[in-house]
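Okay, everyone, thanks for coming.

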Amino acid sequence: MAKIPVVVSFGEILFDVIEGEPHLGGAPLNLAVQLKRQGADASIISSVGSDRLGDAVFAALDQYGMSTAYVHRSDHPTGTVTVTLDAAKIPCYEFLNDCAYDHIKTDYHGTPDLFCYGTLSQRSEVSRSTLHRLWESLETTFFYDVNLRQNFYSKELIRDSLLHADLVKINDEEFRVLSNLFDLPSDPAAMTERFGLEVLILTLGPDGCQVCSKGGMVSSPAVPVKVVSTVGAGDAFSAAFLYHYLNGDDLRVCADAGNALAAKVAGQAGAI
């Protein structure tokens, strides 16, 4: 019987506005919701506005059966991002600046089996400082989803995030950016070794994924799907992969489960 891993996700809650229609999202929330659906005890540390969209976030979390104990209400507006899809259904994003998730504060002192974080919520000093305190105070396994957005990152920020991580997920485009940034060969093993990672997951869209660990490389093919939108597909992949990983499954099983759930989400509108 699978155990119930305790997972905490840190970062942005926002609304993806796709063709004028708002969809609740943000990679850390997408990940937490999908982990909850997999069977994990998942929660999120974030901040939303004291506004109508913030109220909608709390209502949705209640509907998902997720705790709001570490979701702070801010004087800043709830985050939004306008999403446009290109001909291949790949999203482009336009983010609201100085919003609630740029002001995340928390008194979290739990003992999770896994702590997850990304890049976007580190664009502000307040949220970045909060994350740094959690890195230092928690004794757990750390998962970093690189998830680059626009110019909301720096070499130093990414280096710190990689050095604190045990597991990392990165897509093929981001992998090229980081390989250039850190002057690394185009080989996942090089990045895995440079930053002392336990596992590096390289997602390749329609070509599936590669998983690099100290035990070698594992590849898993994508599940064919008629793509509606890739928004949230990567987060779904991570959720299924991590749930199986935390239950001790083989990396190939983890990767196959990730690809299956990613395909399901890519075939629908909205991340969750």
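So, contacts across the sequence: among those in the protein with a separation of 6 or more, 66% are between residues 24 or more positions apart. Contact here means heavy atoms within 4.5 Å. Bear in mind that this is a predicted model, where local features need pLDDT of at least 70, side-chain atom pairs count only at pLDDT 80 or more, and totals for chains, interfaces and linings use all residues. Numbering starts from 1 along each chain as its sequence is written, and side-chain values use heavy atoms, with hydrogens and water left out.

Next, the overall build. We have eight helices and 13 strands; these are DSSP runs numbered from the N terminus, helices being H or I with at least four residues and strands E with at least two. The C-alpha atoms fill a box of roughly 50 × 45 × 45 Å along the principal axes. Of the 272 residues, 53% count as buried. The cut-offs are under 20% relative accessible area for buried, over 50% for exposed, and partly exposed in between, with a 1.4 Å probe and protein chains only.

Now zoom in on Thr-78. Where does Thr-78 sit? In the loop between strand E5 (71-74) and strand E6 (79-85). Thr-78 counts as buried because its relative accessibility is 2%. And what does its side chain reach? The backbone nitrogen of Gly-49, at 2.8 Å, and it also makes a polar contact with the side chain of Asp-51 at 2.7 Å. A polar contact is a pair of N or O atoms within 3.5 Å; within protein, one must be able to donate a hydrogen and the other to accept it, and residues adjacent in sequence count only if both atoms are side-chain atoms. Leaving aside neighbours within four places in sequence, Thr-78 is in contact with residues including Ile-13, Phe-15, Leu-53 and Cys-99.

Last, some backbone angles. Most residues other than glycine have a negative phi. Asp-98 has a positive one, near 45°. Asp-98 lies in the loop between strand E7 (91-95) and strand E8 (114-117), and is partly exposed at 45% relative accessibility. Asn-147 also has a positive phi, near 45°, in the loop between strand E9 (141-145) and helix H4 (155-164). Asn-147 is buried, at 12%.
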